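Student: Could you take me through one part of this protein slowly, looking closely at how its charged side chains pair up?

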Amino acid sequence: MIGSIIGDVAGSIYEFCNIKSKDFDFFTARNRFTDDSVLTVATADWLLHGGKCETYYAYWGNAYPGAGYGGTFKRWLRIMQHTGNAGPYNSCGNGSAMRVGPVGWAFDTIEETLEAAIISAACTHDHPEGIKGAQAVALCIFMARTGSTKDEIREKVTSTFGYDLNFTIDGIRETYGWDSDFGNGVLCQASVPQAIVAFLDGHDFEDCVRNAISIGGDSDTIACITGAIAESFYGVPENLKKQVMKYLPDDFKTVISEFEDKYQSRQAKTEPIKSEKVYNLQRFVDAQERDYNTALAEIKSGGKQSHWIWYIFPQQKGLGRRYNARFYGLDGEGEAKAYINHPVLGSRLREITKALLEHKGRRTIHELMGSHIDVIKLRSSMTLFDKVAPNDVFAEVLKEFFPGDDNALYTIF
């Protein structure tokens, strides 16, 4: 359940100040937990101790009144506080989907999971779309933690709930928002599919959450939903878990610890599925679809002008600190070999590398790459690919432009 909370906290400062980029600071002094985290904790508390889920939503909601609830839910909280009995209000808002995360971990069958998702939603969000949103998210989590592939999850969600997941995050980033062609971004039907696709398009846990935040709209809630699903598929990096705990009060931490001990410790994943981690080369194909022809034309004309170095001449992961360097970093020799053997990526890498060599003796590498830092990146890339594909064109680049340099792979910038 910590994945939900990480998504909420990371997205909290972008909810009303949307950012249309994946390159942003994940945690800052301005981040905070919101209603998404409060009610996720409430769901976990209910699953741990039993009873009526609305009692837990009322208790936790009134304990943290300034967490950013919607107006109708605020009225529901006041009624519950004074009478202890408030009925649902036919909502299809995404509040049902953002708080359901723990349900996906607590049961052994899909049928039990979907039934509990209905219960968790219907005390407030009893509109069919509100219930569907909660069930879809819980189903994704159940399937991800029990070993389903992303394709299997996509197919099951589409066939069960009728969500159209036939789009990409890159494809909707510029146009999606609070009010877009998808509809009102606070509703399940206009935010749950986007949260699911943010997971489906992601490369690891952090990348999934960055996907969710980068499209704008209800950023914290979409990221909360995406984080819940991504955690069950990839696990959560320990450093992110430690960082988010700094934003949480002690009673949150107690419930999180109890829930993880009871439900997640027996099945938590510490590493992503290997094929997704090591051979997810689609991120390069997608990026090059936009920029490869431009990059090749610039090199052929004698000098780099625009920004594409990370996914045209990729390097080993860990040699750069910014997001693009980490996202497009190759995870060792295994992924580098897969890249060079890829029918599109390997061919393009050799083609643009040969384009560099067309300028030997006429232009310096600094003139070709445009900056000292991009020269370093190129040298690092050529060193890695020469290591996994010796006697290829990469060795010639190193010999021509970097004679006598034996430490290129390990340069940190």
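Tutor: Asp374 and Lys377 sit three residues apart in helix 22, a separation of about one helical turn. Helices here are DSSP runs of H or I with at least four residues, numbered from the N terminus. This is a predicted model, in which local features need pLDDT of at least 70 and side-chain atom pairs count only at pLDDT 80 or more, while totals for chains, interfaces and linings use all residues. Residues are numbered from 1 along each chain as its sequence is written, and side-chain values use heavy atoms, with hydrogens and water left out.

Asp374 and Lys377 form a salt bridge, their closest N and O atoms being 3.8 Å apart; the term means a side-chain nitrogen of Lys or Arg within 4 Å of a carboxyl oxygen of Asp or Glu. Both Asp374 and Lys377 are buried, where buried means under 20% relative accessible area, exposed over 50%, and partly exposed in between, with a 1.4 Å probe and protein chains only.

Asp374 also forms a salt bridge with Lys304, and here the closest N and O atoms are 2.8 Å apart. Because Lys304 lies in the loop between helix 16 (282-301) and helix 17 (309-312), whereas Asp374 belongs to helix 22 (residues 372-388), this pair ties together parts that are 70 residues apart in sequence. Lys304 and Asp374 are both buried.

Lys387 forms a salt bridge with Glu333, with the closest N and O atoms 3.3 Å apart. Since Glu333 lies in helix 19 (residues 332-341) and Lys387 in helix 22, the pair ties together parts that are 54 residues apart in sequence. Glu333 is partly exposed at 33% relative accessible area, and Lys387 is partly exposed at 45%.

Definitions and conventions
Helix = DSSP H or I, 4+ residues; strand = E, 2+ residues; numbered from the N terminus.
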